[in-house]
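This report concerns the charged side-chain pairs of the structure shown below and the parts of the chain that they connect.

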Amino acid sequence: MAPRPLALAAAVLAALLAAASAAESWFDEDKFTKHGEVRVRYDRSGRQVASLMLDRRSGAGFISKDKYLYGEFSVQMKLIPGNSAGTVTSFYLTSGEGDEHDEIDMEFMGNSSGSPVVLNTNVWAHGDGKKEHQFDLWFDPGADFHTYTVVWNDKNIIFRVDGVTVRVFRRYADLPYPHAKPMKVHATLWDGSYWATLQGNVTIDWSRAPFAVSYRAYSARACAVAGDAGRSSCPAGSDDWMGRRPDATDAVTVAWAKRNLLRYNYCEDGWRFPKGFPGECARN
């Protein structure tokens, strides 16, 4: 008979393995490719967590292997606590790197301790970008996990934070909109010292490295596109996000975010657009 300490250890190990097998698992190499240092573990509640690491040598990230054309994409993130100046963390979709690419961005620009972290939202269509709305987050995103969501359909793109809609980007028939190019989901953590914090005037304090950002509870309720033929397959229940339009509550929260949190709006940047603002600015 095994000594009691060994028997107890074996029982604990068996319980941990059983919990892990039954836990919420979303990150594996069948679904994502990764670069840099990505640490995958289970937290005490049994949820799988993927942490991206940043040091002087390299940042990190992961990319979905599937491509999507419309969907609801959501993840919980815990950003860098304390002084995160110079760092950029992201959760975004893109069709690639070409001049005509489409992209939907949620980027988090680090800041000094005590200053708000800035959420940069942006939309690219056919290589046409420069549509940023930047918001001060109203909580400390490094203290705990918060949920960030993009709803993308053929009528609008909705950006949500903890279930609160902060921005709606609408489609107009005569203006560029990401509607034809399938996109992959990306998550990254990188050195953005040249740009991220106060236009690059505050850079990364490398004495605090390595930095870590954690992701969990990832969900892609979306139409996956398979093969070169471009056929898409939408999951059951897609109607709730495919038909999602801003409602009265969204109008209230968007107005609240604009009034209290918006620090940059491309539609108010006359220096950037000396020949006139993009067409959607006068319609939203």
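## Salt bridges in the predicted model

E132 and R272 form a salt bridge in which the closest N and O atoms are 2.6 Å apart. The two residues are 140 residues apart in sequence: E132 belongs to the loop between β8 (118–124) and β9 (133–136), whereas R272 lies in the segment after β16 (262–265), so the pair ties these parts together. E132 has a relative accessible area of 13% and is therefore buried, the cut-off for this class being under 20%. R272, at 26% relative accessibility, counts as partly exposed.

The model, which is predicted, contains 15 salt bridges in total. Another of them joins the side chains of E72 and R221, with an N to O distance of 2.6 Å. This pair also links distant parts of the chain, with E72 in strand β5 (residues 67–78) and R221 in strand β14 (residues 211–226), 149 residues apart. E72 is partly exposed, at a relative accessible area of 22%, and R221 is likewise partly exposed, at 27%.

A further salt bridge connects R244 with D250. Both R244 and D250 are buried.

| Salt bridge | N to O distance |
|---|---|
| E132 and R272 | 2.6 Å |
| E72 and R221 | 2.6 Å |
| R244 and D250 | 2.7 Å |

As a general principle, side chains of opposite charge can pair when their charged atoms come close.

Notes
Residues numbered from 1 in each chain as written. Predicted model: local features only at pLDDT ≥ 70, side-chain atom pairs only at ≥ 80, totals over all residues. Heavy atoms only, no water. Salt bridge = Lys/Arg side-chain N within 4 Å of Asp/Glu carboxyl O. Helix = DSSP H or I, 4+ residues; strand = E, 2+ residues; numbered from the N terminus. Buried < 20%, exposed > 50% of the residue type's maximum accessible area, 1.4 Å probe, protein only.
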